Amino acid sequence: MKRLKLTVHYDGSAFRGWQYQPDQRTVQGELQTALARLAATPRTAIGSGRTDTGVHATGQVVSVDMPARWDGPTLRKALNATLPRDIWVEAAEVVSPDFHPRFDAMARTYRYDVGTHPVAASPFHRRWCWPLTDPLDPEVLHALAKRLPGTRSFRSFSKSGQPERGYVCSVKRAEWTPWELGFRFEITADRYLHHMVRYLVGTMVDIGRGRRAPDVFESLLASDAETLTSPPAPPEGLFLTLVEYPSSSSTPVQPPGSVIEA
């Protein structure tokens with residue numbers, strides 16, 4: 001058997017999230033169906049993390065053990081010919097047998113798109129962003145994002161507790177930037193709590209359109225209790241875009257006789 005690492009894109013609109021659920025359409029379920037068909041035996045697809053119903057990905061990382069005849073390019077081509085059109089495999093490569101996409105991950109990056117241009121409400125855009133009718137203050141958004149990097153409890157921005165792992169997350173980067181239809185938020189952290197990014201975006205957007213005072217955000221960040229955030233931003237605007245690994249755990253395994261160029 002070989003362990004292969006897949007980089008997967010999907011439009012989450014028609015899925016009940018990543019994780020397999022009986023009698024529900026999920027990304028993991030569709031991948032495992034396709035992999036089992038190719039391997040002629042049931043296969044387990046392990047993801048770098050779970051995405052909720054309606055959330056998208058352009059950088060979900062998945063591992064799967066396949067019969068030795070499969071190499072990366074061949075598996076990628078076969079999967080893209082087999083999978084439904086709302087899932088696409090960007091890359092596939094053979095990796096170390098002990099590679100684990102979740103436990104080896106050092107950081108994950110999410111982006112959230114907020115549309116303030118009227119065309120964001122078009123059916124050709126609204127399934128991939130949060131279309132708003134109110135303008136946002138970019139200076140306020142920028143100031144709020146600058147408060148996020150660092151290590152702290154984000155309990156106030158989580159839907160449900162994870163007592164076995166705690167509430168502390170280390171945010172490496174967070175910023176709002178202009179987007180052609182509005183604004184884009186990007187955040188990189190070592191881990192996330194359930195709905196954390198959506199609660200952060202929902203609260204920042206409320207402050208950015210003048211519905212809440214900026215000092216509310218500071219109070220929420222300083223609190224380790226379940227205090228009142230704004231409602232979470234809808235899932236349509238959220239994308240998992242990048243998962244980072246130590247080079248030793250995700251470096252492709254070179255076939256015999258290959259040359260590694262510097």
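Good morning. Two strands are said to pair if DSSP finds at least two bridges between them. By that rule, strand β7 (residues 150-153) and strand β8 (residues 168-179) pair, in the antiparallel sense, over 4 bridges. One of the positions where this can be seen is Arg152, which stands opposite Cys169 in β8. Please keep in mind throughout that the structure above is a predicted model.

Let me begin with the whole chain. The protein chain holds 6 helices and 10 strands. Its C-alpha atoms fill a box of roughly 60 × 40 × 40 Å along the principal axes. Of the 262 residues, 49% count as buried. If we take the contacts between residues at least 6 apart in sequence, 72% of them join residues at least 24 apart.

I turn next to the surface and the charges. The accessible surface comes to about 13,000 Å², and 53% of it belongs to carbon and sulfur atoms. The chain has 31 positive and 28 negative charges, and their mean positions are 4 Å apart.

Let us now follow the strands onward from β8. This strand is joined to β9 by 8 bridges, and the two run antiparallel. β8 and β9 form a hairpin, with 2 residues between them.

Strand β9 (residues 182-189) also runs antiparallel to β5, to which 8 bridges join it.

Which other strands pair with β5? One is strand β10 (residues 238-244), antiparallel to β5 and joined to it by 6 bridges; in this pairing Thr109 stands opposite Leu242. Another is strand β6 (residues 130-131), which pairs with β5 in the parallel sense over 2 bridges. There, Gly115 has Pro131 as its bridge partner.

Finally, why is strand β5 (residues 107-115) described as largely enclosed by the rest of the structure? The reason is that 9 of its 9 residues are buried, where buried means under 20% relative accessible area. In a regular strand, the side chains alternate between the two faces of the sheet. In β5 both faces are covered: Ala107, Thr109, Arg111, Asp113 and Gly115 are buried on one side, and Arg108, Tyr110, Tyr112 and Val114 are buried on the other.

Thank you for your attention.

Methods:
Residues are numbered from 1 along each chain as its sequence is written. This is a predicted model: local features need pLDDT of at least 70, side-chain atom pairs count only at pLDDT 80 or more; totals for chains, interfaces and linings use all residues. Side-chain values use heavy atoms; hydrogens and water are left out. Buried means under 20% relative accessible area, exposed over 50%, partly exposed in between (1.4 Å probe, protein chains only). Contact means heavy atoms within 4.5 Å. Accessible areas come from the Shrake-Rupley method with a 1.4 Å probe; for residues, only the protein chains shown count as cover. Lys and Arg count as positive and Asp and Glu as negative; His and the chain ends are not counted. The place of a charge is taken as NZ of Lys, CZ of Arg, CG of Asp or CD of Glu.
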